[in-house]
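Hello,

Here is the structure you asked about, with the sequence. My notes follow below it.

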Amino acid sequence: MTMMMAETLRIAGHGGDEIRAYLARPLGPGPYPGVVVIHHMPGWDEATKEITRRFADHGYLAICPSLHHREGPDASPDDAAAAARARGGVPDERFLGDAAGAVHQLRSMPASNGRVGVIGYCSGGRQAFLAACCLPIDAAVDCYGAFVASSPPPELPLKAEPILGLAKDMVCPLLGLFGADDIHPAPEETAQIDRELDRLGKTHEFHTYPGAGHCFFATDRPMYRPEAATDGWRRIFSFFGRHLSGDGGA
């Protein structure tokens with residue numbers, strides 16, 4: 001196991017706002033690649049911080065910004081997430097500003113090798129796709145991000161527009177990991193995204209797991225599927241190893 005340190009700090013986010021972020025890093029001098037971990041709609045929770053530490057254990061500088069900080073700077077992650085959901089979720093422009101601040105934080109660290117990827121789950125998966133189209137990053141992983149090619153149904157409070165039209169501006173390789181039993185995104189939607197990225201000549205690889213639905217990486221939820229998650233993690237570290245470390249694995 002890699003010796004590491006983890007701490008909560010404050011970074012400059014969208015519009016210069018100060019937001020909380022969770023940073024985990026190996027204790028060695030590096031250089032290390034960086035990963036921005038984009039939390040799911042339930043918020044900046046313990047499960048996501050555990051994922052952040054997992055990246056540090058594998059030799060990455062990893063940071064997870066609290067995208068719901070403004071909704072509840074002193075509230076619990078659950079309460080802040082509920083407040084964010086009530087407002088329709090995190091606006092895309094604000095997310096991009098916060099993510100850009102996290103990318104800058106990683107690249108400014110003395111132990112950084114200068115290369116940074118992003119990974120997101122659920123709503124964070126959509127935001128990882130958005131980051132790949134709008135931010136200067138080196139790799140992105142979309143874990144079951146919904147509403148990339150479609151709009152949320154009326155019964156969901158989420159205010160989100162399709163962002164597939166931005167795919168022409170995608171600046172980095174993309175890995176997509178999905179469940180065959182998911183409905184947001186359904187396999188038909190991920191196939192549509194796959195076709196469009198093929199048409200545009202964008203470097204990407206998509207994998208859909210039979211018997212898995214939404215949140216199959218979430219070890220603290222009933223939807224956890226160990227087989228799919230284990231293979232997914234293998235693919236994630238191989239993908240980031242190729243594009244961030246250049247050594248085929250970290």
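The largest nonpolar core has 43 residues, and the members that touch the most others in it are V36, F95 and F129. Please keep in mind that this is a predicted model. Beyond its neighbours within four places in sequence, V36 is in contact with I63, P65, A102, V103, L106, V116, G117, V118 and I119. There is also a second, separate core of 32 residues, with I51, I119, F217 and F239 among them.

F239 belongs to helix α6, where the buried residues also include A228, W233, I236, F237, F240 and L244. Helix α6 itself runs over residues 226-245 and spans 26 Å from first C-alpha to last, close to the 28 Å expected for its 20 residues.

Next, a helix pair. The axes of α3 (residues 92-107) and α4 (residues 123-134) come within 10 Å and cross at roughly 70°, so α3 is roughly perpendicular to α4. On the α3 side, D92, F95 and L96 make the meeting; on the α4 side, R126, Q127, L130, A131 and C134 do.

Last, the hairpin. Strands β1 (residues 4-12) and β2 (residues 18-26) run antiparallel and are joined by nine bridges. One of the pairings is R10 with R20 in β2. Five residues lie between the two strands, and in this hairpin G15 has a positive phi near 65°.

Regards

Methods. Residues are numbered from 1 along each chain as its sequence is written. This is a predicted model: local features need pLDDT of at least 70, side-chain atom pairs count only at pLDDT 80 or more; totals for chains, interfaces and linings use all residues. Side-chain values use heavy atoms; hydrogens and water are left out. A nonpolar core is a set of buried Ala, Val, Leu, Ile, Met, Phe, Trp, Tyr and Cys residues joined through side-chain atoms within 4.5 Å. Buried means under 20% relative accessible area, exposed over 50%, partly exposed in between (1.4 Å probe, protein chains only). Contact means heavy atoms within 4.5 Å. Helices (H or I, at least four residues) and strands (E, at least two) are DSSP runs, numbered from the N terminus. The expected span of a helix is 1.5 Å times one less than its number of residues. Two strands pair if DSSP finds at least two bridges between them. Axes are lines fitted to C-alpha atoms, for helices over the stretch in contact, and angles run from 0 to 180 degrees between N-to-C directions. Angles under 35 degrees count as roughly parallel, over 145 as roughly antiparallel, 65 to 115 as roughly perpendicular and the rest as oblique.
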